[in-house]
Amino acid sequence: ELEESEKFYVGQPRVLLLIYALYNTLVARSEMVCYFVIILNHMISASMITLVLPILIFLWAMLSVPRPSKRFWMTAIVYTEVAIVIKYFFQFGFFPWNKHVDYTKDKPYHPPNIIGIEKKEGYVHYDLVQLLALFFHRSILKCHGLWDEDEKGDSSSNKEDTDDELSLTGGRRDSSASLKSVNLAASVESIHVHFPEQQTAIRRKSSSSISQLSHRSSFSSHRSKRDFFKNINCTTLSLYSLQCKLCDTKLYCGLCCFRTLQVYVPIRQFFYNLIHPDYSAVTDVYVLMFLADTVDFIIIVFGFWAFGKHSAAADITSSLSEDQVPEAFLVMVLIQFGTMVVDRALYLKKTVMGKVIFQVILVFGIHFWMFFILPGVTERKFSQNTVAQLWYFVKCVYFGLSAYQIRCGYPTRVLGNFLTKSYNYVNLFLFQGFRLVPFLTELRAVMDWVWTDTTLSLSSWICVEDIYAHIFILKCWRESEKRYPQPRGQKKKKVVKYGMGGMIIVLLICIVWFPLLFMSLIKSVAGITNKPLDVSITITLGGYQPIFTMSAQQNQLKSLDPNEFNEFLRSYSGNTAALQFLEGYAREDITRADLEGNSNSLWTISPPSRKKMIQGLRDFNADFTVVLSWTIQRTLEEVYPYYIKAPSDSLAKPIKQLLKGIPLFSIDCKWENITVSLVKNGSEEGAREWWVLNQPGKGQKTPHESLELFIFSDKVSPPSLGFLAGYGIMGLYASVVLVIGKFVREFFSGISHSIMFEELPNVDRILKLCTDIFLVRETGELELEEDLYAKLIFLYRSPETMIKWTREKT
């Protein structure tokens with residue numbers, strides 16, 4: 001029948017088999033499904049009602065050995081049902097806070113929002129899904145006979161108790177005089193509490209059924225534990241005696257003390273058993289915890305605005321470029337980095353008690369900060385902060401891994417870097433990338449030296465770490481040579497030569513010419529037209545008040561149409577320098593500014609200055625000609641720049657190549673002529689004067705006085721690449737070519753000085769010597785650590801010994 005059943009399932013379609021596999025995975029990890037739904041419900045609701053169960057998950061359920069008890073699941077089920085009833089009751093409209101829901105729904109500190117009793121659509125959807133997941137898990141436990149496992153474990157353990165324990169239990173029912181002789185202090189110092197109505201003796205539950213069998217088989221060798229159980233039973237009798245006395249005397253204060261002990265002692269016993277387990281399945285999940293913290297660190301860097309006030313549109317690159325460090329970014333980075341350092345210290349010290357305390361502080365602290373302080377800082381609810389929700393979810397993964405680490409215990413040996421467990425290309429490149437991160441290798445080495453028992457000094461410690469890293473890299477290369485051997489006398493294949501060599505050649509050429517290519521393409525291909533928004537002209541004579549001020553904006557700034565642009569190009573068909581300049585500009589890069597000839601401000605000048613200026617204009621020995629009339633007019637020759645270039649990073653300047661009459665290699669500029677006239681208008685209020693400018697040689701003839709100006713605008717880089725293009729060509733060469741060239745040069749220079757350390761045929765003995773140093777350090781053999789370190793140093797000082805040690809094994 002089993003064979004036929006197996007053939008039947010194998011013959012099913014693959015889609016159906018996949019569904020079966022997913023369902024079996026769901027059944028096998030049904031408790032993780034419950035945890036996920038509870039955390040998701042809290043992320044969506046973010047209230048005090050949903051806050052209780054996530055805390056219980058990380059401080060009770062995930063710390064229980066071997067699995068959460070029936071009491072936890074019943075607590076979660078009953079609590080969820082009560083929460084659903086409470087939320088339903090407060091949905092009625094006669095409550096005062098339900099009359100202005102649209103006004104208060106986004107307020108993070110509104111009391112109903114904090115408690116979780118606000119009126120909203122779908123208020124109970126996630127709670128029902130949570131209750132369904134809990135019932136699903138309960139059904140699975142009942143199917144496997146695990147729902148009543150606690151009671152069965154207690155009853156089975158009772159049958160194996162000694163006669164002394166049974167007689168003591170029976171005496172507990174009969175003798176009341178002996179109860180009075182029990183000391184109260186013993187009850188306070190007790191570890192666990194059971195009351196007379198529970199007729200079972202106390203035993204610590206084993207971590208699994210296998211451990212129970214091993215415990216029974218070795219029961220005779222654990223005679224000391226029976227004394228421990230006797231003490232617990234005496235403690236139970238003392239508490240029962242105290243309860244009888246309190247009932248007789250009806251002392252309220254004593255009864256409160258007893259009730260406190262009822263809550264305190266089981267909690268104390270739970271954490272005591274967690275820190276001092278009978279059996280420990282040692283594991284190491286520090287790498288996964290570190291990766292979770294790293295992901296949270298990245299979320300903070302790229303989403304720091306979600307943790308601060310009025311910073312939703314902020315950008316970390318723009319903030320740092322302006323020498324501004326956001327407070328939210330700084331606080332979050334320091335807190336995250338500090339927790340990573342503390343976690344590393346606890347891992348190196350292997351202290352489970354410290355990890356438990358750190359777990360409790362983090363769980364309460366982060367939940368209090370994320371759901372009570374952060375909404376007030378950001379002025380928006382946690383359920384509306386997507387980045388904070390993502391950060392919290394990753395942190396929940398970290399809490400789960402930490403609970404698993406506490407439950408299983410720290411490893412007794414911490415040897416080397418987790419990236420050095422295998423000798424392949426993946427570990428090699430990951431390890432080298434790890435060493436390239438600035439200050440990460442140094443920080444790790446110093447932290448390991450501080451929190452590890454050793455007799456080595458810091459410099460000797462770093463020396464061992466450097467030798468170990470160097471030997472590991474050589475080991476990876478030697479292993480790769482063994483996997484892909486190269487026969488003697490055979491030339492390298494063209495695939496290898498052109499593949500590796502060609503890639504290096506292309507890479508080096510790209511590095512050398514990257515700044516020129518980048519600066520050329522960034523503006524010609526991806527450049528954005530940067531048209532002027534305002535063009536102003538101001539003319540001042542002899543240091544007096546400006547005689548003319550005018551600006552062109554909006555409609556006065558016009559682009560050339562195709563016919564005008566082609567006519568403009570034909571006018572310079574014989575000027576090679578001008579055509580070369582115009583090749584870099586398109587039609588949309590040129591703007592024609594039409595400035596009104598009349599000044600937009602009155603000419604305000606004091607009478608003495610005016611008199612002095614008139615005297616200068618009447619001086620016929622000057623270089624200009626003046627005609628005196630009601631309007632004072634003179635010609636200003638070659639002073640007006642007809643064409644102006646507007647660069648993206650400097651002041652506007654005239655374009656010499658386009659000015660008329662310029663020789664090809666001359667630096668003289670023949671600018672345009674303009675006329676300047678002073679107009680005087682008399683009225684009852686008095687005489688008013690202003691200046692009028694006109695450009696006789698402008699291209700577009702107008703019946704009134706005006707000026708014409710052509711502006712050539714350079715393209716600018718896109719905002720996304722502005723931080724890189726802002727350095728310019730020389731800055732890019734200094735920061736890219738020179739810096740990268742320094743690292744590249746290290747691979748091609750100084751090789752002769754390191755041949756005796758690089759060309760080692762077999763590094764297994766040296767690698768074993770390094771791991772032996774790590775091992776004796778972990779076992780506390782500090783004198784042997786010094787001897788092995790001295791042996792390692794002597795090996796590197798003696799080339800002859802190094803040759804013998806690195807020979808191939810025969």
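Buried means under 20% relative accessible area, exposed means over 50%, and partly exposed lies in between, with a 1.4 Å probe and protein chains only. Take Val450. At 48% relative accessibility, Val450 is partly exposed. Val450 sits in helix H22, residues 440-450; helices here are DSSP runs of H or I with at least four residues, strands are E runs of at least two, and both are numbered from the N terminus. Val450 and Ala345 are 105 residues apart in sequence, yet their C-alpha atoms are 8.7 Å apart in space.

Now the ground rules. This is a predicted model, where local features need pLDDT of at least 70 and side-chain atom pairs need pLDDT 80 or more, while totals for chains, interfaces and linings use all residues. Residues are numbered from 1 along each chain as its sequence is written, and side-chain values use heavy atoms, with hydrogens and water left out.

The overall picture. The protein chain has 33 helices and 11 strands. Of its 810 residues, 37% count as buried. A contact means heavy atoms within 4.5 Å. Among contacts with a separation of 6 or more, 73% join residues 24 or more positions apart.

Next, helix packing. Two packed helices are described by the angle between their axes and the distance between the axes. The axes are lines fitted to C-alpha atoms, for helices over the stretch in contact, and the angles run from 0 to 180 degrees between N-to-C directions.

First pair: H16, residues 286-302, and H20, residues 386-408. Their angle is about 165 degrees, and their axes are 9 Å apart. H16 and H20 are therefore roughly antiparallel. The cut-offs: under 35 degrees is roughly parallel, over 145 roughly antiparallel, 65 to 115 roughly perpendicular, and the rest oblique. Which residues meet? On the H16 side they include Met289, Val295 and Ile299, and on the H20 side Leu390, Trp391 and Leu401. The contact residues divide into 13 nonpolar, 2 polar and 3 charged. Nonpolar covers Ala, Val, Leu, Ile, Met, Phe, Trp, Tyr, Cys and Pro; charged covers Asp, Glu, Lys and Arg; the others, Gly among them, are polar.

From H5, the contact includes Trp73, Ile77 and Ile84; from H8, it includes Leu131, Phe135 and Leu141.

On to the backbone. Most residues other than glycine have a negative phi, and most peptide bonds are trans. Which bond is cis? The one from Val65 to Pro66, with omega near -5 degrees.

Ala46 has a positive phi, near 55 degrees. Ala46 is in the loop between H3 and H4. At 16% relative accessibility, Ala46 is buried. Glu379 also has a positive phi, about 60 degrees. Glu379 sits in the loop between H19 and H20. Glu379 is partly exposed, at 45%.

Last, the cysteines. How many disulfides does the structure hold? 0. A disulfide is a pair of cysteine sulfur atoms within 2.5 Å. For Cys463, the closest cysteine sulfur is in Cys770, 9.5 Å away, which is too far for a bond. Cys463 is partly exposed, at 29%. Cys143 is exposed, at 68%.
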